Amino acid sequence: FLEDVETFLDLNEVRYTPDVQFTGKSGFQHTFDFVVPASRRMPERLIRAINSPTKEKSESIIFSWDDIKKVRQKDSSMFVFVNDKDRAVKSEICGAFAEYGIQPILWSQKEKAIESLTA
């Protein structure tokens, strides 16, 4: 699924750096699949891709974001591409992301994210 997301970013000419690590407030290292650098119009955007969305994976991503956002640029944002190709995604997973300021993007609706990622 990560390759699908990378292909999507490439086809839509999104500038990004793959596989980036940041140290959070806790001192833990967190890896993000892609980072889209800030532009004049948009802040830095971090991206993770989840192939099989579970409560545990979601909790891990939420912790990573919460831990590093305090040491990143003030207006940085986070996106999570969620694979819904083969199975429905529980609404509480996307709801949990939204509660922490993470923008969940269902793979079936990925086109909605293009403008936010290319700006």
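Me: Leaving aside its neighbours within four places in sequence, which residues is Asn51 in contact with?

Reply: Contact means heavy atoms within 4.5 Å. With neighbours within four places in sequence left out, Asn51 is in contact with Phe1, Asn83 and Arg87. The model is predicted, so local features need pLDDT of at least 70 and side-chain atom pairs count only at pLDDT 80 or more, while totals for chains, interfaces and linings use all residues. Residues are numbered from 1 along each chain as its sequence is written, and side-chain values use heavy atoms, with hydrogens and water left out.

Me: What joins the side chains of Asn51 and Asn83?

Reply: A polar contact is a pair of N or O atoms within 3.5 Å; within protein, one must be able to donate a hydrogen and the other to accept it, and residues adjacent in sequence count only if both atoms are side-chain atoms. The side chains of Asn51 and Asn83 are joined by such a contact of 2.5 Å.

Me: Where does Asn51 have its place?

Reply: Helices (H or I, at least four residues) and strands (E, at least two) are DSSP runs, numbered from the N terminus. Asn51 lies in the loop between S3 and H2. From Asn51 to Lys85 the distance is 34 residues in sequence and 9.2 Å in space, C-alpha to C-alpha.

Me: How many salt bridges does the count come to?

Reply: A salt bridge is a side-chain nitrogen of Lys or Arg within 4 Å of a carboxyl oxygen of Asp or Glu. By this rule there are seven. One of them pairs Glu44 with Arg72, whose closest N and O atoms are 2.6 Å apart. This pair links distant parts of the chain, 28 residues apart: Glu44 is in the loop between strand S2 (29–36) and strand S3 (45–50), and Arg72 is in the loop between helix H2 (55–69) and strand S4 (77–82).

Me: Is Glu44 buried or exposed?

Reply: Buried means under 20% relative accessible area, exposed over 50%, and partly exposed in between (1.4 Å probe, protein chains only). Glu44 has 5% relative accessibility, so Glu44 counts as buried. Arg72, at 26%, is partly exposed.

Me: Which residues are linked with Asp66 in a network of salt bridges?

Reply: The network links Asp66, Lys69 and Lys70. Between Lys69 and Asp66 the closest N and O atoms are 3.8 Å apart; between Lys70 and Asp66 the N to O distance is 3.4 Å. Lys69 and Asp66 are separated by about one helical turn, because they are three residues apart in helix H2. Lys69 is partly exposed at 30%, and Asp66 is partly exposed at 28%.
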